[in-house]
Amino acid sequence: MDEERDDIGSSRFNDDDTWTSTGNRPPPTPCIDRQRGLPHSVLCRVLDAIYGRLGEKITLQDIADAAFMSRFHFARLFRRSTGYSPMEYLLRVRLEQAKALLRQGTTPISDIAAVIGFADQSHLTRHFRRSVGVTPLQYARRCADTSPLAARVILD
């Protein structure tokens with residue numbers, strides 16, 4: 001099951017590795033328990049709500065309202081559908097977005113944190129390190145070191 005969930009954000013970014021919310025919402029994650037989880041249309045509506053407000057403060061109640069359910073019932077069905085709690089899923093999506101922006105290497109980490117909905121840079125750094133194993137700055141440097149442009153500059 002973990003293999004299915006390792007790269008939640010891989011199909012959520014356009015060609016320049018940034019999320020687009022203009023009708024290009026990715027397909028929902030594979031259903032873990034199709035018969036007892038959220039109906040497909042409800043899951044799509046919920047994911048639209050999440051991606052549409054990615055940079056804002058989002059509560060469980062906000063997401064459950066998109067599904068027209070109580071937050072407890074919604075959380076239970078969302079976990080059955082995706083394998084994650086709604087807030088875990090939101091955190092993973094935000095971290096994938098942070099990775100994409102860090103790979104571009106043009107935006108300061110504090111701006112990335114603000115844009116994708118973290119309270120501040122330390123909040124992003126704490127969750128990023130816990131999830132990825134390195135700080136956002138270390139990740140950005142590693143990505144810059146392995147980029148084709150960096151390799152070309154070193155060779156020239």
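Analyst: In this predicted model, one aromatic cluster is formed by Phe74, Phe78, Tyr84 and Tyr89, and a search of the whole structure finds four aromatic pairs.

User: What makes the pair of Phe128 and Tyr139 edge-to-face?

Analyst: The ring centres of Phe128 and Tyr139 lie 5.4 Å apart, which is within the 6.5 Å required of a pair; their planes stand at 75°, and planes over 60 degrees apart count as edge-to-face, so the pair is given that label. Because Phe128 belongs to helix H7 and Tyr139 to helix H8 (residues 136-146), the pair ties together parts that are eleven residues apart in sequence.

User: How do you know whether Phe128 and Tyr139 are buried or exposed?

Analyst: Buried means under 20% relative accessible area; Phe128 has 0% relative accessibility and therefore counts as buried, and Tyr139, at 14%, counts as buried too.

User: Why are H5 and H7 called roughly perpendicular?

Analyst: Helix H5 (residues 86-104) and helix H7 (residues 121-132) pack at an angle of about 95°, and since angles of 65 to 115 degrees count as roughly perpendicular, the two helices are therefore described in this way. Among the residues that meet there are Leu95 and Leu102 in H5 and Phe128 in H7, and by class this contact has seven nonpolar, two polar and one charged residues.

User: Which residues of H3 are buried, and why are they said to be on the same side?

Analyst: In H3 (residues 60-67) the buried residues are Ile63, Ala64, Ala66 and Ala67; they cover an arc of only 150° around the axis, which places them on the same side of H3. These buried residues pack against helix H2 (40-52), helix H4 (71-82) and H5.

Note on methods
Residues numbered from 1 in each chain as written. Predicted model: local features only at pLDDT ≥ 70, side-chain atom pairs only at ≥ 80, totals over all residues. Heavy atoms only, no water. Axes fitted to C-alpha atoms, helices over the stretch in contact; angles between N-to-C directions. Helix = DSSP H or I, 4+ residues; strand = E, 2+ residues; numbered from the N terminus. Parallel < 35°, antiparallel > 145°, perpendicular 65-115°, else oblique. Contact = heavy atoms within 4.5 Å. Nonpolar A, V, L, I, M, F, W, Y, C, P; charged D, E, K, R; others polar. Buried < 20%, exposed > 50% of the residue type's maximum accessible area, 1.4 Å probe, protein only. Arc of directions from axis to C-beta. Phe/Tyr/Trp six-rings, centres within 6.5 Å; stacked < 30°, edge-to-face > 60°.
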